[in-house]
Amino acid sequence: MHFAYILKPALLFLAGYAFAQLEDTIGIMVPSQIIDTTTPAIFTYAWVGNPGHELKNISMELVAETTGSLQGNNDTVVDIIAVNYTQQNGNSFLYPLHTNTPAGTYYVRMNATIFNASDSPLTVLVRPSQTFNISLPQSFPCQTPDFTPVGSIFAPSYTPLRLASPAAGAVFSLQALTSPSGDITGMLKLVDALPPEGILHWS
């Protein structure tokens with residue numbers, strides 16, 4: 001599910017620039033830190049390609065950095081942010097974080113394939129962003145489920161369905177839960193589906 005946003009430069013930094021071939025250039029923008037579960041994180045890539053070139057097979061992974069350098073052998077993919085996108089779908093990804101995401105240093109790893117005008121694959125890109133810190137508050141009185149790392153879309157615990165709202169830690173009045181006229185409204189999000197199919201509203 002893609003969302004386009006106007007991002008504040010002060011909160012973001014451009015990282016991971018690399019030249020795939022000739023003038024094909026890609027970079028990934030990430031927040032400098034994430035300390036809030038009520039607002040989903042926004043990850044964005046910037047792409048400048050040669051005429052006729054196109055990005056496809058785009059995926060993004062949330063990776064825990066444990067070695068002190070990007071792409072370390074012991075780094076762990078903890079969640080799948082997006083899969084199966086092309087540049088026509090947009091360049092921003094809205095990612096609701098799990099309340100119990102462990103604090104630490106992370107980066108986003110982007111995978112994509114450059115295709116030429118005849119739709120033939122030219123180059124496979126694997127690009128990490130710069131690192132950022134996740135430090136979420138753990139002060140909610142309600143019990144939250146355990147954080148389960150998901151290293152692949154083939155993992156048994158992987159699901160493309162995410163609860164986009166209400167935000168983690170949201171508090172509702174007893175009347176909203178028990179009154180005949182009360183209700184709770186939320187939104188479910190499919191991370192690998194396109195709008196409008198990718199948004200499900202419920203109440």
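How many aromatic pairs does the model hold? The structure is a predicted model. By the ring-pairing rule applied here, the count comes to 4 aromatic pairs.

One of these pairs joins F43 and Y95. Their ring centres lie 6.2 Å apart. The planes meet at 40 degrees, so the pair is tilted. This pair links distant parts of the chain. F43 belongs to strand 4, residues 41-48, while Y95 belongs to strand 7. The two residues are 52 residues apart. F43 has a relative accessible area of 0% and is therefore buried, the limit being under 20%. Y95 counts as buried as well, because its relative accessibility is 3%.

A second example is the pair of Y85 and F93. Here the ring centres are 5.5 Å apart. The planes stand at 75 degrees, so the pair is edge-to-face. Both Y85 and F93 are buried.

The aromatic residues also group together. F43, Y95 and F132 form one aromatic cluster. A charged side chain meets another ring: K56 lies over the face of F115. The distance from K56 to the ring centre is 5.1 Å.

The largest nonpolar core has 30 residues. F43, Y45, L55, M60, M110 and F132 are the residues with the most contacts inside this core. Another core, of 8 residues, lies apart from the largest one. Among its members are V63, I80, Y107 and V191.

L55 illustrates the contacts made by a core residue. Leaving out residues up to four places away in sequence, L55 touches I26, Y45, W47, T86 and Q87, among others. Its contacts also include M110, A112, T113, I114 and L125. Two of these partners, Y45 and M110, are listed with L55 among the residues with the most contacts inside the largest core.

G90 is placed in the loop between strand 6 (76-85) and strand 7 (92-95). Is G90 buried, partly exposed or exposed? Its relative accessible area is 26%, so G90 is partly exposed. G90 and T44 are 46 residues apart along the chain. Their C-alpha atoms are separated by 9.1 Å.

Methods: Residues are numbered from 1 along each chain as its sequence is written. This is a predicted model: local features need pLDDT of at least 70, side-chain atom pairs count only at pLDDT 80 or more; totals for chains, interfaces and linings use all residues. Side-chain values use heavy atoms; hydrogens and water are left out. Helices (H or I, at least four residues) and strands (E, at least two) are DSSP runs, numbered from the N terminus. Buried means under 20% relative accessible area, exposed over 50%, partly exposed in between (1.4 Å probe, protein chains only). Rings of Phe, Tyr and Trp (its six-membered ring) pair if their centres lie within 6.5 Å; planes under 30 degrees apart count as stacked, over 60 as edge-to-face and the rest as tilted. A charge sits over a ring if NZ of Lys or CZ of Arg is within 6 Å of the ring centre and within 35 degrees of the ring normal. A nonpolar core is a set of buried Ala, Val, Leu, Ile, Met, Phe, Trp, Tyr and Cys residues joined through side-chain atoms within 4.5 Å. Contact means heavy atoms within 4.5 Å.
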